[in-house]
Amino acid sequence: MPRYRYTARDAQGRAITGTIEAPTPEGVAGQLRPMGYVLIGAHAVLPTAVAAWRARRGRVGPEPLLLFTLQLSKLIHVGIPLVSAVRMLAEQAEHPRLQAAGLEVAHAIEGGAGFADALRRHPAVFPTLCVSLVRAGEVSGQMDEVLQRLAEFLKRQARVEQDVRTALTYPAL
C-alpha cells in the first residue's frame with residue numbers, strides 16, 4: 001500500500017503534517033476524518049531505492065523480519081496466544097508483503113495449520129531457516145526461546161550485510 005505525506009488541519013485550525021498508508025489520496029482523507037482532521041493536501045512518498053528494489057524482488061529485508069520475530073518472541077513469552085500475536089504484529093507491519101503474509105499465516109493457524117507450515121507457504125517472506133527453527137520450537141514447546149534466538153541470528157545477519165555493503169561502497173568513494 002502506498003505511503004502519503006499529508007497536510008491537514010485539526011479542530012483548532014492548526015496545521016498537522018505526517019505520513020500514512022492508504023490506497024488512494026481519498027483514503028488518506030477517510031483515515032484522517034475520524035481523528036478530527038481535515039485533509040488539505042496529500043502526495044505519494046516515493047520509496048527509497050533499496051526498498052523499491054526489495055519490493056520488486058519480493059523479498060522482505062532483515063530489519064522488518066527481525067522486528068517481527070523479536071516482538072513475536074516477547075508476546076508469546078508473556079502469554080499472548082500465537083494467533084493473536086501474529087495477527088497483531090501483521091496489522092502493525094510497515095512492509096506490505098510482511099503484513100499480507102502475516103495475516104495469511106494467522107488465518108492458516110486459525111484454520112488448523114501448524115505455525116511452521118503456515119510460514120512455509122511464504123518463502124519470499126520467511127526463509128527456510130525461520131521455518132525450520134519454528135518447527136523445532138513447536139516440537140520442543142520452547143517457541144519463545146527459539147524465536148528469541150532466531151531474532152539474535154537475524155540481527156547478526158543484518159549487521160554482516162550492512163558491513164559488506166559498507167565495505168563494497170568504500171572503494172567507490
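This report describes selected helices, contacts and surface features of one structure.

## Basis of the model

The model is predicted, with local features needing pLDDT of at least 70 and side-chain atom pairs counting only at pLDDT 80 or more, while totals for chains, interfaces and linings use all residues. Residues are numbered from 1 along each chain as its sequence is written, and side-chain values use heavy atoms, leaving out hydrogens and water.

## Helices 3 and 4

Helix 3 (residues 62–77) and helix 4 (residues 82–92) have axes that come within 10 Å and cross at roughly 145 degrees. Helices here are DSSP runs (H or I, at least four residues), numbered from the N terminus, and axes are lines fitted to C-alpha atoms over the stretch in contact, with angles running from 0 to 180 degrees between N-to-C directions.

On the side of helix 3, the contact (heavy atoms within 4.5 Å) is made by F68, Q71, L72, L75 and I76, and helix 4 contributes L82, A85, V86, M88, L89 and A90. These residues divide into ten nonpolar, one polar and no charged, where Ala, Val, Leu, Ile, Met, Phe, Trp, Tyr, Cys and Pro count as nonpolar, Asp, Glu, Lys and Arg as charged, and the others, Gly among them, as polar.

## V83 and its contacts

V83 also lies in helix 4, and it touches A106, I109 and E110, not counting residues up to four places away in sequence. Although V83 and E110 are 27 residues apart in sequence, their C-alpha atoms are 6.9 Å apart in space.

## Salt bridges

The structure holds six salt bridges, each a side-chain nitrogen of Lys or Arg within 4 Å of a carboxyl oxygen of Asp or Glu. One of them joins D117 and R120, with the closest N and O atoms 3.2 Å apart. Because D117 and R120 are three residues apart in helix 6 (residues 115–120), about one helical turn separates them.

Technical notes
Helix = DSSP H or I, 4+ residues; strand = E, 2+ residues; numbered from the N terminus.
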